[in-house]
Structures are given as C-alpha cells and as structure tokens.
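This report covers the overall fold first.

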Amino acid sequence: MTARLGIDIGGPFVDLILAGDDGELAFEKVLALPADLIGSIADGVGVLLKRTGIAAGEVAEVMHATTRGSNTVLERSGPRTALLATVGFRDVLQIQRALRWSMYDVQLRKPEPLVPRSLSFEVRERMLADGSVHVPLDEDDLHSVASRLREAGVEAVAIAFLHSY
C-alpha cells in the first residue's frame, strides 16, 4: 500500500489529509505551536497514521502548503522590514500606481504600504531590461544603507532593484 500525505500550516492550526491508494481519505487538525511547528506537524502525522493503520514507510508522497505568508501580509504581523530600491524608485510602494480600482474617486484611500517610507532606501545601481549593467552597484552606498538598516532595527529586507530579476 502507498499513501499520500498533505500538510497545510495556516493560522492557529496544522491541517493534514492522508489519502490511501484505495481512495479513502483521513483528516486531522492539530494546534500549530509557533515555537515548535515541526513538533505540531509530527504530532498530527503520528495521530493520523495511528488512526488509519498506515505505516510511515507506506507514505510515498508528502505535499506541504502554507498560508502563513499570506496571513502575515493580511495581518501586518511580520518582521520590521525595509525596502532597498534603485535610485529614483524609493516611493514605488507609496505611489501605488498599479492599484487603480477607482481612478476617478478623489476620496479613495489606498492601503498603507507594507514598508513605511522611513524604511525605504535608495541604492545607486541600474540594470537595463536586457540584463546588462547600466550603473554598477555602488558598494559604498550599499554599506552606508546597511548601517542605517542596523540602526533602525530592521529584521528583514526586500530588495527591488529595477530589472534585477
């Protein structure tokens, strides 16, 4: 017998589903302990395997998904984050030009950016759309910004250099 195991870590719970090769489905939900998510998953898998009588060695495939990233964005509960952008693009999050769901509403209130302007920094560099370097990364500029990030207590950095994919 072979089985497939699906695991989803969402908000307060870990949801598990086990599909046997006979098409039978078994479900389990356990509390997601943020300090020990692996332990929470292991506990849920153990309960599910014991209840179904399927041995761990019979699980041929494990699939994992999570909504934790989405939840962090929606709840605005993530780490203190800064943005590094190409010179001239520091305000891209504040401008929000792509978000024009009601372009003629003069009272429209756009959502607050995930990174405040005070934590948005410019770095001298510029790539062209074809991937060639137009202005090389100014490492002195980058070191200066890194010092400011440390002083600001930043825990995460989003880097959005133009054409740097």
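## Fold

The protein chain has four helices and nine strands (DSSP runs, H or I of at least four residues for helices, E of at least two for strands, numbered from the N terminus). Along the sequence the pattern is β-β-β-α-β-α-β-α-β-β-β-α-β. The radius of gyration is 23 Å, well over the 15 Å from the globule rule for 165 residues, so the chain is more spread out than a compact globule. That radius is taken over C-alpha atoms, and the rule is 2.2 Å times the number of residues to the power 0.38.

This is a predicted model: local features need pLDDT of at least 70, side-chain atom pairs need 80 or more, and totals for chains, interfaces and linings use all residues. Residues are numbered from 1 along each chain as its sequence is written, and side-chain values use heavy atoms, without hydrogens and water.

## Helix H1

H1 covers residues 37-52 and includes Ala42. Its 16 residues should span 22 Å at 1.5 Å a residue, and the end C-alpha atoms are 23 Å apart, which agrees. The expected span is 1.5 Å times one less than the number of residues.

Buried residues of H1 include Leu37, Ile41, Val45 and Leu48. Ala42 is partly exposed, at 47% relative accessible area (buried is under 20%, exposed over 50%, partly exposed in between; 1.4 Å probe, protein chains only). Ala42 and Val30 are twelve residues apart in sequence and 9.9 Å apart in space, C-alpha to C-alpha. Just after H1, Gly53 takes a positive phi of about 75°.

## Strand E3

Leu31 lies in strand E3, residues 25-31.
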